[in-house]
There are 2 protein chains.
Amino acid sequence: MDYAVKAGFMWQSFEIYGGQAGFYDLGPLGVLLKNNIIELWREYFVKQHQDFVVEIETPIITPAVVFRASGHEENFTDYATECLQCHRIFRADHLVEEKLGINAEGLSAEELEELIRKHNIRCPVCGGPLSNVHKFLLLFQTYIGPYSPSNLAYLRPEAAQGMFINFKRVYDLMKRRLPFGIAQIGRVARNEISPRQGPVRLREFTIMEIEFFYDDTNPQCDILYERCSDERLNILRAEDRERGNDKPIQIRVAEAVEEKIIMSPWLAYWMCIAKRFVNALGVPDDKMYFEEKLAKERAHYSKQTFDQMVIVDKWGKLEVSGHAYRHTYDLERHIMFSKADLYAIRQLKEPKTVTKTIIEYDKNAILSIFGSKAPQVFKALAKLSQEDLAKILSQTNSDTVTINGIEVPRSVFRVRTVEEKIWVERFVPHVSEPSFGVERLMYVVLEYAYTEDEKGRVVMRFPRRLAPIKVGVTPLVDREPLESIARRIYNELKQHYYTIYLEGGSIGKKYAHADELGVPFVITVDYDTPQRNDVTVRDRDTKKQVRVPISDVIKVIDAGLSGTDITTLGYPVIEYREDKE
Amino acid sequence: MDYAVKAGFMWQSFEIYGGQAGFYDLGPLGVLLKNNIIELWREYFVKQHQDFVVEIETPIITPAVVFRASGHEENFTDYATECLQCHRIFRADHLVEEKLGINAEGLSAEELEELIRKHNIRCPVCGGPLSNVHKFLLLFQTYIGPYSPSNLAYLRPEAAQGMFINFKRVYDLMKRRLPFGIAQIGRVARNEISPRQGPVRLREFTIMEIEFFYDDTNPQCDILYERCSDERLNILRAEDRERGNDKPIQIRVAEAVEEKIIMSPWLAYWMCIAKRFVNALGVPDDKMYFEEKLAKERAHYSKQTFDQMVIVDKWGKLEVSGHAYRHTYDLERHIMFSKADLYAIRQLKEPKTVTKTIIEYDKNAILSIFGSKAPQVFKALAKLSQEDLAKILSQTNSDTVTINGIEVPRSVFRVRTVEEKIWVERFVPHVSEPSFGVERLMYVVLEYAYTEDEKGRVVMRFPRRLAPIKVGVTPLVDREPLESIARRIYNELKQHYYTIYLEGGSIGKKYAHADELGVPFVITVDYDTPQRNDVTVRDRDTKKQVRVPISDVIKVIDAGLSGTDITTLGYPVIEYREDKE
C-alpha cells in the first residue's frame with residue numbers, strides 16, 4: 001500500500017479535509033491500471049461471448065421502489081452498535097469477531113448482543129459501554145426532486161437491479177432467445193459501518209456484473225463442455241466448512257455440475273471464466289479458491305453462492321468476486337411489484353391442453369335493459385380483461401354485479417369453458433450472476449506484481465496487458481545527439497502507447513525507475529544509434545535486450561505486449577550486465 | 001430518438017415502474033457508442049498530451065465541506081415555483097421563457113416573481129396558481145454513515161472538485177512542473193427541477209473534464225502556436241449578444257488570444273482541441289460555434305465562459321461542452337476552507353528582496369520569571385508560528401500578552417526585521433477547464449449520423465471509429481456450405497471486433513439492417529467463396545464492394561476502420577447494383 005500511494009496508484013479521498021474512511025482516489029497510474037483490468041474483464045466476459053452477452057448502463061440513483069421490490073430495503077443491513085460514551089458506530093459482528101476470534105457472520109441481533117454482554121465487550125476506541133445491537137440500512141438515501149417521502153431514492157449497492165428491470169427490453173433486442181447475459185460496469189455505493197480495510201472495503205466502488213438468464217428446463221450450456229469441462233476449480237464446500245474443514249477440494253467443472261456441487265451449469269461456467277480471468281491478472285491456481293457460503297451467510301436473493309477468494313499477504317484471503325445463483329427471485333419480485341411482464345416464452349416439445357374460461361355478454365340484452373345508458377355499460381365492460389370479469393362474477397352470488405358503479409344483471413353474462421392446445425408457455429428465467437469489484441482486483445494485481453530484486457529494488461511484474469505504462473524511452477546519457485533522437489522516438493511511441501521519457505541519473509537508475517513503475521519495455525538510444533539507426537529494447541522481466549532498427553520498434557513492442565518473448569524475433573540479443581551499474 | 005430507442009441505444013430508466021424523468025439507460029449499442037466517444041475524447045485530450053495531462057478518479061459521494069468551499073452549496077441553485085393546487089414544481093425561469101418567449105437566464109427571484117404576477121402565469125399542467133419563487137439546491141444530498149448533520153454529503157455535480165482538492169498530490173507526481181492538466185471521466189448528478197428534454201437534461205450523466213493548471217505570469221502555451229494558431233473558431237461574443245447580435249464571428253485562435261477575446265491562452269488551446277474533437281464526431285465547422293456567456297449567466301467560479309454549441313434539429317442548438325476560465329477561485333477557496341497548502345512554486349528571474357519580521361524570546365528571562373513553570377511556557381511558545389506570535393503581540397498594547405492562558409511580560413520578546421533575498425515564490429495557479437457531457441455528445445453523434453437513403457431506409461453514417469458494431473458477416477443465402485464458412489469467419493472476426501452475424505431475408509434486407517445499425521463493413525460469403533476462398537467486403541457509405549481473400553479480411557477491415565478507402569487497396573472492385581434487391 002505504501003508503494004501504491006507513493007507511485008500514484010491510489011490514496012485516501014478528501015485528504016486535505018482530514019480524509020474520509022471508505023473512499024479512495026485513483027491517481028494517474030491507478031486509472032490506467034483500472035481501465036486495463038476493466039478491458040480485460042470485458043474481453044473475457046463480454047467480447048468473447050458477444051453473441052449472447054451484451055452490456056448496458058443504468059443509473060446509480062434509483063427510486064426506492066426498485067430496492068423495495070428487490071428486498072434490499074428490508075435485508076441489505078448490518079448489525080450496528082454505538083458507543084454510549086464517544087458515539088462511534090461499529091459493526092457488531094466485526095467487534096465480536098475481533099474480540100472473540102470467532103466467525104460471527106450471520107448471527108442474529110440477539111445472539112450478537114448476548115455475546116457482547118457475556119464477554120463485556122466495550123468500545124475499542126474509548127472503552128465506553130455499547131448500545132443495544134440494531135439493524136443499520138446500508139443503502140445511501142437521497143431524494144429525486146424536492147424532499148418528500150414519495151421522492152425517496154437510494155444509490156444502488158449493486159448494478160444487478162438495473163439489469164433485472166430491463167430484462168424485457170433486452171430479451172426483445174435478443175430476438176427473444178435464451179440464454180443471454182446482461183453485463184454492466186459501473187459505480188455502486190454501500191453505506192458501510194466504520195469501514196477500516198483501506199481500499200478493499202469501500203463505500204463507493206466500481207462493480208462488473210453479469211446477470212445471466214436461462215431456461216432451467218433447457219439451460220443450453222454446451223459451451224461449458226466445449227470450453228471448460230476439463231478445467232479444475234478449487235472449491236471449499238459449505239458442508240465441509242460446517243464440519244470445520246477449510247481445505248478446498250479440487251474438482252473438474254463438469255463433475256462439479258454433474259454431482260450438483262454447483263447447482264447451476266451457468267454458475268459453473270462463469271466460475272470457470274472467473275478463474276481464468278483472475279489467472280490472467282497474475283494469480284496462480286494454488287492461490288485461489290471458491291468458498292461456498294453457508295445458508296445464513298448468503299444474501300437474501302441467493303440459492304447458492306460461491307465467493308472467489310485470493311490469498312493475499314495483508315488480510316490472509318480476499319473475496320474478489322461473488323457467484324450467486326439468484327434463481328427466479330429478482331424477476332419474480334419485480335413482476336409482483338411492477339405488474340410488468342418479465343416472463344420469457346418457451347416452445348413446448350409436446351402441446352399442452354389447458355382449460356380456459358370465456359365470459360361473454362349478451363349485447364342485445366344490455367341494450368334493452370339500459371337503453372341510452374348502454375354505451376356506458378359497454379365502455380365499462382371493454383376496459384375489463386377476462387380475468388377481471390371472472391373475478392367480479394365470482395365475488396358475489398347475488399343477481400346483479402357492479403361494473404364501474406353500474407348494477408348489471410348476472411343474466412346478461414354467459415360463461416363457458418373451452419379446451420385449448422398450447423405450444424408455448426411463459427416462465428420466469430433462472431439467473432446466475434458473477435460479480436467483481438474492480439478496486440479489490442487492483443489491490444490483488446498490485447500485490448501479485450510486487451517483487452523486490454536482489455538489491456531490494458521494487459520491480460512491478462504486471463502482466464503486460466495490465467501494465468499502466470507500456471514503454472519507456474531514454475538516452476543512455478542525457479546528452480545530444482542522443483537526447484533528440486530519444487525525444488523523437490518518444491513522440492512517435494506516444495501516439496500508440498502510454499509512454500514515459502526517462503531522464504536524470506545513470507542508465508541503471510533509469511531502468512530501476514522503469515521497473516518500479518512496471519514498464520514492460522525500455523528503448524535505449526545509445527552511442528551506436530546515430531550511425532546505425534537502431535536502439536536496444538529491454539525486457540523488464542528477463543532484463544535481456546535486443547538490438548532493433550528504429551523502424552521496427554513498434555512491431556517489436558506490439559509483439560512483446562501480446563506475449564511474445566522479444567528475444568525470439570530474430571534480432572541480436574545483448575547480454576547486458578546491469579549489475580555493473 | 002425513436003430510432004435510438006428502437007435500435008437499443010437508449011431509453012428512459014425505470015420504465016416498468018412508470019419511468020423517472022431525467023434518467024436514461026444505455027442499451028447494448030448505446031454502451032458501445034458511449035465507450036467509443038470516451039476513448040476518442042481520451043485520445044484527443046489525454047493521450048495526445050500525456051506528457052502533461054493525467055487522468056485520475058475520485059468519488060461521486062463527497063463530504064459537504066468540499067461543496068461548501070467550492071461555493072456550490074450557496075450558488076448551485078435554480079429558482080423554483082410550486083403549483084399551489086397540484087404541487088408540481090417548475091423552474092421559474094423556464095416557465096417565464098416558455099410563456100413570454102424571452103431569455104430569463106440570470107434573472108433574480110424578485111424579477112421572475114414580478115413577471116409571473118404581471119403576466120398571470122399559472123401552472124402549465126393544471127392551471128393552478130403558483131407559489132413564491134424560491135431557491136432550490138441542485139445538489140443531491142445524502143449522509144455518510146448514520147444520519148447526522150456532521151455526516152452530510154452531496155453527490156458531485158461536476159468532477160472538478162475532486163481534481164482541485166488533489167492538486168498538491170498531482171503537482172508532486174508531476175515533479176512540481178507547471179503547466180499540467182488533471183482529467184477525469186465519471187458520473188455526476190444534478191437534482192434538476194422537472195427535467196423534460198429527454199436525454200439532454202439528465203439528473204445523472206457522465207462528464208469528461210480537465211482542470212488545467214498554469215502560471216499566469218508564464219503560461220508556457222507554445223503548443224497553441226505550434227498546433228492551433230491558424231485554426232479558426234466561430235465565436236459569438238458576449239458583447240455582441242448584448243447588442244442583440246447572434247451571428248458568430250470567425251477568428252483565428254491566436255488572434256482571439258492576442259486580442260483578448262479569449263482571456264486565457266490555455267482556455268483557447270482546449271477550445272481548439274474541442275472543435276477538432278467535435279469535428280471528429282461528425283459535426284462540420286459551420287454547424288458549431290462557441291457562445292460566450294454573459295456575466296449574469298456565468299457560474300460563480302468563472303471569469304469567462306464559452307459554451308460550445310452544436311446546431312441540432314430537435315432543439316435548434318445544444319450545448320455540448322463548457323469552457324470556463326476558473327482562474328484561482330477554486331484553489332483559493334479550498335486553501336481558505338482546508339488550510340492546506342495548494343500553492344505552486346515559481347522561480348523568479350530576478351531575486352526579490354523581502355522584509356521579514358523575526359520574533360525571538362529571552363529564554364533566561366523566562367526561566368527567572370517563571371521558575372518551575374518555565375517549561376510550560378516554552379512548550380506553549382514552541383507551538384506558535386512566527387505569524388501567530390506577531391498576531392498576539394499586535395493585538396494588545398498592554399505590558400503582558402496571554403500565551404495559552406499564561407500571562408507573559410512583553411519584555412521577554414525581541415522583535416527585529418531582516419531583509420531576505422528570495423529566488424522562489426509561491427502562488428495560486430490559474431485554471432482553465434474544458435468540460436463535456438457524454439450523453440449529449442451521443443445525441444449529437446446519432447443525429448449527425450442519421451441519414452435516409454433514396455428508398456427512405458435509415459443509414460447510420462457513424463464515423464468509423466465510433467461505429468458500435470464494426471463488421472457484419474453474412475452468407476449470400478442462408479444455406480450450406482455458405483453458412484458454415486460465414487460462421488467460421490464470424491467466429492474469427494469476433495476475436496477482434498464487435499461483429500454481427502446477419503441472417504434471415506434477402507441479401508438486400510441484410511445490408512439494409514447493417515446500414516440501419518451503422519455497421520461500416522459487411523463481409524459476404526457467396527457462391528464463389530467455396531472454390532476461390534475469397535469474400536466480398538462492402539463499404540456502408542459508398543456501397544462499393546471489393547473481393548478479398550479470406551486471409552486478408554482482417555487487414556482490409558483494419559485499414560478501412562482507420563480511414564482508408566478499401567477500393568484503393570488493390571483488390572478487385574465490384575460494382576454491385578443493390579437497387580435490384
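Reply:
**The interface of chains A and B**

Nine salt bridges are counted between chain B and chain A, a salt bridge being a side-chain nitrogen of Lys or Arg within 4 Å of a carboxyl oxygen of Asp or Glu. One of them joins A:E57 to B:R187, with the closest N and O atoms 2.9 Å apart.

This is a predicted model, in which local features need pLDDT of at least 70 and side-chain atom pairs count only at pLDDT 80 or more, whereas totals for chains, interfaces and linings use all residues. Residues are numbered from 1 along each chain as its sequence is written, chains are lettered from A and ligands numbered from 1 in the order in which they are written, and side-chain values use heavy atoms, leaving out hydrogens and water.

Chain B and chain A each bring 73 residues to the contact, where contact means heavy atoms within 4.5 Å. Together they bury about 6,300 Å², and carbon and sulfur atoms give 58% of this area; buried area is the accessible area (1.4 Å probe) that two parts lose on being put together, summed over both. Of the area that chain B buries against chain A, 12% comes from B:I16, B:Y17 and B:E57, more than from any other three residues.

The copies meet through the same surface, because 100% of the interface residues of chain B are also interface residues in chain A. Chain B is superposed on chain A by a rotation of 179° with 0.2 Å of shift along its axis, at an RMSD of 0.5 Å (least squares on the C-alpha atoms of residues with pLDDT of at least 70 in both). The two copies are therefore related as by a two-fold rotation axis. The residue of chain B that comes closest to the rotation axis is B:T142, its C-alpha lying at 2.7 Å.
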